[in-house]
Amino acid sequence: MTEASPVADDGPIPHRPGTVQPIGSVSDAAEEIVASGLDELDRTLGGGLTGASVTLIGGEPGVGKSTLLLQVAGGAARSGRRVLYVSAEESAAQLRRRAN
């Protein structure tokens, strides 16, 4: 096991790239979990959304992915959080209609 030299990290994830550590020594206390506002989604995600992470939601067309995520984004925005909604398939007008 080789210890890498410390690397400055200004991001929210406290780690040093290239280091190896036993899983038992990793603390999960520093990681904030944010409830999505939807109990079943939070249960599926292990309690909610975590900062500095990407959560990919996939499924067949028409199953409600956009509607689900617009509900989560709306709840987050109403609680004062900043939201970035990225869609590769729907236009801004389609998302706006779905959000209303």
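Predicted model: local features only at pLDDT ≥ 70, side-chain atom pairs only at ≥ 80, totals over all residues.
**A walk along the chain**

Residues are numbered from 1 along each chain as its sequence is written, and side-chain values use heavy atoms, with hydrogens and water left out.

The chain holds 3 helices and 2 strands, where helices (H or I, at least four residues) and strands (E, at least two) are DSSP runs numbered from the N terminus. Read from the N terminus on, these elements follow the order β-α-β-α-α. Of the 100 residues in the chain, 13% are buried; here buried means under 20% relative accessible area, exposed means over 50%, and partly exposed lies in between (1.4 Å probe, protein chains only). The chain exposes about 8100 Å², of which carbon and sulfur atoms supply 54%, the areas coming from the Shrake-Rupley method with a 1.4 Å probe, with only the protein chains shown counting as cover for residues. Among contacts (heavy atoms within 4.5 Å) between residues at least 6 apart in sequence, 25% join residues at least 24 apart.

Which residues of α2 are buried? They are Ser 66, Leu 70, Val 72, Ala 73, Gly 74 and Ala 76, and the buried residues of this helix pack against α1, β2 and α3 (92-99).

Ser 36 sits in the loop between β1 (33-34) and α1, and it counts as buried because its relative accessibility is 6%. Its side chain makes a polar contact with the side chain of Asp 42 at 2.7 Å, a polar contact being a pair of N or O atoms within 3.5 Å; within protein, one must be able to donate a hydrogen and the other to accept it, and residues adjacent in sequence count only if both atoms are side-chain atoms. A polar atom of the Ser 36 side chain also lies 3.1 Å from the backbone nitrogen of Leu 38.

Asp 42 itself belongs to helix α1 (residues 39-44). Beyond its neighbours within four places in sequence, Asp 42 is in contact with Ala 35, Ser 36, Gly 37, Gly 47 and Gly 48. Asp 42 is buried yet has no salt bridge, and the nearest side chain of opposite charge, that of Arg 43, is 10 Å away. In this count Lys and Arg are positive and Asp and Glu negative, whereas His and the chain ends are not counted.

How many salt bridges does a search of the whole structure find? The search finds 3, each being a side-chain nitrogen of Lys or Arg within 4 Å of a carboxyl oxygen of Asp or Glu. Glu 32 and Arg 81 meet in a salt bridge with an N to O distance of 3.1 Å. This pair links distant parts of the chain, since Glu 32 is in the segment before β1 and Arg 81 in the loop between α2 and α3, 49 residues apart. Glu 32 is partly exposed, because its relative accessible area is 48%, and Arg 81 is likewise partly exposed at 38%.

Another salt bridge joins Glu 40 and Arg 43, whose closest N and O atoms are 2.6 Å apart. Both residues lie in helix α1, 3 residues apart, which is about one turn of the helix. An α-helix has 3.6 residues a turn, so residues three or four places apart point the same way. Glu 40 counts as partly exposed at 49% relative accessibility, while Arg 43, at 58%, counts as exposed.

Arg 98 forms a salt bridge with Glu 90, the closest N and O atoms again being 2.6 Å apart. Here Arg 98 is partly exposed, with a relative accessible area of 40%, but Glu 90 is buried, because its value is 18%.
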